Structure formats: C-alpha cells, structure tokens
Amino acid sequence: MNFATELLHGIAPDKLTGSTTLPIYQTAAYSQATAEDFKAGFVYTRVGNPTTANFERRIANLERGAGAVAFSSGMAAISAAILNVVESGDEIISSGGLFGGTSNFFRELKSFGVCVRYVKENRVENFSDLLTNRTKLIYAETIGNPKLDVTDICALAELAHKNNLPLCIDSTVTTPYLVRPIELGADVVIHSTSKMINGGGNSIGGIVITGKNFHWDAEKFPKLAEYEKFGAISYLVRLRAKMLTDFGGCPAPMNIFLTNVGLDTLALRMERVCDNALTLAKFLSEQKTIRVNYPGLEENSYHELAKKQFSNRFGAMLTLRFETKERAFRFINALNYTLRASNIGDVRTLAIHPASTIYFNVAAHEKEFAGVTEDLIRVNVGIEDISDLIDDFGRALSKI
Ligand SMILES: *Cc1c(COP(=O)(O)O)cnc(C)c1O
C-alpha cells in the first residue's frame, strides 16, 4: 500500500458498528461488570480512552513505531517525552533551530537540574563535540521551526547509538508523509498534531511514538528500572503509566476526533503545500529586495540532504528576511490573503514575526541559535491557488 492508501485503509472501520468514522467516547469513566474487572481495559479517560487509543495506533502504524501515547498538546508531548527518562544532573544535546516553546521548556529544565547544550550549526560532528558522560539524550527537529536547518537523522542516530543514547526527533514540520524518523534510526518521535496532522487548525494536540530497537539500560536510565520487564517498550509503558497518568496532560476525545478527520487528507494537503511552498520560494528568491530561506532552493546549504531524506519535497515553511524589522512589519501588514497568525501546518497561508511573538521571552543567545532575527518573517504556505499567493506576496513586496 502506498502512503495515501494506507492513510485511509490502514485502520479498519469500527468493529462494533461498522461506523466509517472514528466513534467519540466522550466519557470520563467506564463502568465495570465486577470489582475484579478494574484490572483490565479502560478505567478513566486520563489514563486511556478508546477514541484516543485508535488514533494512537493509526499514528504509530504510519510512523512504523511500536506504539504511541497522545497528549493534550505538542508541548505536553515534548515535556513528557523528556521527563520520562531525564533527571537532575543529566544533560541533553539539542539542535539549535528549535521551536520557541521547546526552547522555553528546555530553559525551565535548569530548575530541575537538567542542562541542555545547543549545537550552533546542525552538523553531526557538532553534536559529537558536546557529548559528556552525563549526556542522556540527543534531541533535534527534522526541519527546525523557524531556522529551517535540516537534521541528518541517519547520521545523528548512528552517533547517538554509538554512545548508547536515544535520539528524540520532533517531526511536526515533516509528518510521516515526508519522513519516518524511526526507519532512519530515531528512537522517540514527537508531533504537535495541532499543525499539519490536524491541518484545519481546530484542535491542539501532541503525540509521542517510539521505536523498539533502543536498549533502555536500567542502569543508565534508572527511571525505567521498574519497567525493565517490558524490554524495548519500557520507555513507552512508563510514558503512559507515569507521564500521562501522573502529569495528566491527556487529550480530549473530541479533539482527537477532529484531528483524526484532518489526518485523512494529510497526503493531499502535504503534496499541495510542498508544491505551493516551492513555487512561492522560487518566485520570491527572484525578487532582489529580500532573502528567502527554504530547503527546496538549490542554493540552500541543506538542500542535498533534504532532497534525499524527504524524497524531493521540502515542507510548507519558509522564512523571509527584510534587513529591518520595519520593512518586515510593512510587508506582513500588506498581505491580503495571508493571515497574521501564530500557527503552522494550517490549510491557510499564515505569516508571523517570530522575534516579537513566539520568541518574545527567549534569551538572546538562544534566539541566535534558533535563527530568529528582528527582520525575519516566517511563512506557513497553505493550499490556496498558487497564482493568488504569488499575486499577494508580489503586491506586498511592491509596497515595502
Ligand atoms: C507547535 C510546535 C510545537 C508545540 O506544539 P503545541 O501543540 O503548540 O503545544 C512543538 N514543536 C514544533 C516543531 C511546533 O511547530
């Protein structure tokens, strides 16, 4: 089965009724026939819900993972994925081109005694330079939001595994349509499903998917000692038993339903936004008054890697630099169809000035690592007719 077919037919209709769409179990608790029955099955929606379980299986299959746990947001998924194994005294090595919320969370980790070391340029040898005997995990985004640096997942997985470390990849921007990080060696994959997986921008959500090839050594990861009997899925079992259940960031069944409906059209939308973004990036790069960053452009330093890793498609995100913040603001205000909104992965084209919004609270050096400058605009390209987008961007450029 190819991707779009698997997306629609990988999960069978509801066994109980034949319902072709996912039933919504809008319930807090599940009554049991006997007192003994509480040991198995669904008990309480914070711990598990059939609507959510179905969605988790669907995403885990698409990602070729062993299993998945869904959360109430991408940030809930990221914080749970990290805190599931990391403890005071540990270090994380991370790519610099991180989503602002993740940078903020990583800074918050200091108060838990966890240090995050950032790689300035996303090259595997730079990660290697930061390894210490306290390193517990390597973290990166497939395509950094909004730096647009591309992680060489195979090479980074090799480095991680040589040092008995898990590789954790945020694949929000790429989705399984462009890459399946687990197939390239990643051990933990995260999505903010609020973005491209939902597509319509109608719900916040997150999910963590795990592979089954990493050896979670209980000595190195003492939090997993209690779960050792689960072997390769000990991390996954603990993620649900402790991080979801104790921290409580469970998704609402209705949001899972909406996200699951959006997921049906992922292949179509991804095809369209990748085509639109490349055409728009090429058009804009011919205009001499701004600088365009998009991995699909041949002059981009990550182009060859992106081309190989993502099968010649490059995602919906591009960034533009205007030399000054004033010009950037004039441009963003002159856009007609493009919404000024803090989101990506939406079917509508969106634009934002990251430095004054998402990165408002981020320290200057972290902003620099993240590639966030005062003159930068991030654009999420939607599924509109490309001729209208080119008109809109062309007209706005003529006004600055
Ligand atoms: C949006 C985003 C997140 C956070 O997800 P929320 O659902 O907003 O909590 C994490 N990583 C990336 C790359 C994102 O774009």
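Predicted model: local features only at pLDDT ≥ 70, side-chain atom pairs only at ≥ 80, totals over all residues.
Trainee: Let's start with the ligand. How many residues surround the ligand?

Mentor: Good place to begin! The closest are Gly74, Asp170, Ser192, Ser194 and Lys195. The whole group around the ligand comes to 15 residues.

Trainee: Which helix gives the largest share of that shell?

Mentor: Look for the helix that spans residues 74-83. It supplies 3 residues of the shell around the ligand. That helix is α3.

Trainee: What is the make-up of the shell by class?

Mentor: Sort the residues around the ligand into three classes.

Trainee: How far from an oxygen atom of the ligand does a polar side-chain atom of Ser194 lie?

Mentor: Let's take some other contacts before that one. A backbone N or O atom of Gly74 lies 2.8 Å from a ligand oxygen, and a polar side-chain atom of Asn145 lies 3.0 Å from a ligand oxygen. For the polar side-chain atom of Ser194, the distance to a ligand oxygen is 2.6 Å.

Trainee: What percentage of the ligand's exposed area does the protein bury?

Mentor: Picture the ligand by itself to begin with. Taken alone, it exposes 380 Å². Of that area, the protein buries 92%.

Trainee: Now for the cavities. What is the volume of the largest cavity?

Mentor: The structure holds 2 cavities of 30 Å³ or more. For the largest cavity, the volume is about 70 Å³.

Trainee: How many charged residues are in the lining of the largest cavity?

Mentor: Among the residues that line this cavity are Thr172, Met196, Ile344 and Asn380. By class, the lining has 6 nonpolar and 4 polar residues. As for charged residues in the lining of the largest cavity, there are none.

Trainee: Which element gives the most to the lining of the second largest cavity?

Mentor: Phe55, Thr193 and Pro251 are among the lining residues here, and the lining divides into 6 nonpolar, 5 polar and no charged residues. Two elements, β1 (67-71) and α9 (253-263), each supply at least two residues of this lining. The one that gives the most, with 3 residues, is α9.

Definitions and conventions
Residues numbered from 1 in each chain as written. Heavy atoms only, no water. Near = heavy atom within 4 Å. Polar contact = N/O pair within 3.5 Å; in protein donor to acceptor, adjacent residues only side chain to side chain. Areas by Shrake-Rupley, 256 points an atom, 1.4 Å probe, with all protein chains shown as cover. Helix = DSSP H or I, 4+ residues; strand = E, 2+ residues; numbered from the N terminus. Nonpolar A, V, L, I, M, F, W, Y, C, P; charged D, E, K, R; others polar. 1 Å grid on protein atoms, 1.4 Å probe; cavity = no way out; pocket = protein on both sides within 12 Å on 5 of 7 lines; lining within 4 Å. Points joined across faces, edges and corners; volume = space filled by probe spheres on them.
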